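Welcome to a short tour of a protein model. Have a look at the sequence and the 3D view, and then read on for a guided description.

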Amino acid sequence: DGKYLAATCSYRGSNISSQEVEDEMAQIQQKLSEDFVSWIPSNLQSSIINVQPLDDIAMSGTFVANTTAIKGVFQRISAQFAKMYKRGGFLHWYKGE
């Protein structure tokens, strides 16, 4: 529904090479190129944390993104609030009625 504005991917592990991370990020950017906005040129960042996440896990990754899909959620909440406000819903809590 929406497009990614910016994203970051953090890799955590004791034996992750920066070349491996850069290759993976290039692959993600190629595969999802239509899902990213074109007017932000460097909207995909990566980081490497050289500490093992847990005792039994060798490596992990976290992907955090900012997307335009949240716009639909806010529009829906705004429409629902407008309907409730029009009918006077929950206003008694604020008017003291």
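A contact here means heavy atoms within 4.5 Å. With that in mind, Asn 43 touches Tyr 4, Leu 5, Ala 6, Ala 7, Gln 29, Phe 36 and Val 37, leaving out residues up to four places away in sequence. Asn 43 sits in the loop between α1 and β2. Its relative accessibility is 4%, so Asn 43 counts as buried (buried is under 20% relative accessible area, exposed is over 50%, and partly exposed is in between, with a 1.4 Å probe and protein chains only).

A word on where these values come from: this is a predicted model, in which local features need pLDDT of at least 70, side-chain atom pairs count only at pLDDT 80 or more, and totals for chains, interfaces and linings use all residues. Residues are numbered from 1 along each chain as its sequence is written, and side-chain values use heavy atoms, with hydrogens and water left out.

**The overall picture**

The protein has 3 helices and 3 strands, and along the sequence they follow the pattern β-α-β-β-α-α. These elements are DSSP runs numbered from the N terminus: helices are H or I with at least four residues, and strands are E with at least two.

How does the radius of gyration of the protein compare with that of a compact globule of 97 residues? The protein has 21 Å, whereas such a globule would have a value near 13 Å. The radius is taken over C-alpha atoms, and the globule rule is 2.2 Å times the number of residues to the power 0.38. Along its principal axes, the C-alpha trace spans about 65 × 35 × 15 Å. Buried residues make up 13% of the 97 residues. Among contacts between residues at least 6 apart in sequence, 79% join residues at least 24 apart.

**Aromatic rings**

Rings of Phe, Tyr and Trp (its six-membered ring) pair if their centres lie within 6.5 Å; planes under 30 degrees apart count as stacked, over 60 as edge-to-face and the rest as tilted. By this rule there are 3 aromatic pairs. Two of them are set out here.

| Pair | Centre to centre | Angle between planes | Kind |
|---|---|---|---|
| Tyr 4 and Phe 36 | 5.2 Å | 40° | tilted |
| Tyr 4 and Phe 63 | 6.1 Å | 85° | edge-to-face |

Which parts of the chain does the pair of Tyr 4 and Phe 36 tie together? Tyr 4 lies in strand β1 (residues 4-13) and Phe 36 in the loop between α1 (18-31) and β2 (44-49), so the pair links parts that are 32 residues apart in sequence. Phe 63 belongs to strand β3 (residues 59-67), so its pair with Tyr 4 ties together parts that are 59 residues apart in sequence. Tyr 4, Phe 36 and Phe 63 form one aromatic cluster.

Tyr 4 is partly exposed at 24%, and Phe 63 is partly exposed at 38%.

**A serine in a loop**

Ser 14 is found in the loop between β1 and α1. At 49% relative accessibility, Ser 14 counts as partly exposed. Leaving aside neighbours within four places in sequence, Ser 14 is in contact with Asn 50, Gln 52 and Ala 58. Ser 14 and Ser 78 are 64 residues apart in sequence, and their C-alpha atoms are 46 Å apart in space.
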